[in-house]
Amino acid sequence: MDMTQLAEATAGHLGEGRRLGVEDVQQTLDVLFGTVEYPGTVAEALRRGETVLLGSFGSFHSEGKSAVFRPGKALDEYLRGLVG
């Protein structure tokens, strides 16, 4: 799934007839995760040595000059087929 597909899938998940525009989702993802021209708020926080915690999804932190993702408990259990 690329960023465009992720934005399209995300836009349709509000439910009850509510929908975000695909462009709005794309802009939000760009601001969070960055583009070639702009590093994004997650990258900026990692460069400052901060950990970015995204609830039960997981967290990002830096180790040396690399970004590391650690899945949260809910995501890990879902991927292992323990829930959902």
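Reader: Which residues of helix H3 are called buried, and what does the word mean here?
Author: In H3 (residues 40-47) they are Gly-40, Val-42, Ala-45 and Leu-46. Buried means under 20% relative accessible area, with exposed over 50% and partly exposed in between (1.4 Å probe, protein chains only). Helices (H or I, at least four residues) and strands (E, at least two) are DSSP runs, numbered from the N terminus. Please keep in mind that this is a predicted model: local features need pLDDT of at least 70, side-chain atom pairs count only at pLDDT 80 or more, and totals for chains, interfaces and linings use all residues. Residues are numbered from 1 along each chain as its sequence is written, and side-chain values use heavy atoms, leaving out hydrogens and water.

Reader: What covers the buried residues of H3?
Author: The cover includes helix H2 (22-33) and the strands E1 (52-54), E2 (58-63) and E3 (66-71).

Reader: Why is Ser-59 called buried?
Author: Ser-59 has 12% relative accessibility, so the residue counts as buried. Ser-59 lies in strand E2 and, leaving aside residues up to four places away in sequence, touches Thr-51, Val-52, Leu-53, Val-68, Phe-69 and Arg-70. A contact here means heavy atoms within 4.5 Å.

Reader: What makes E2 and E3 a pair?
Author: Two strands pair if DSSP finds at least two bridges between them; 6 bridges join E2 to E3, which run antiparallel. Ser-62, for instance, stands opposite Ala-67 in E3.

Reader: In what order do the strands form the sheet?
Author: The 3 strands make an open, antiparallel sheet in the order E1-E2-E3. E1 and E3 are called edge strands because each pairs on one side only.
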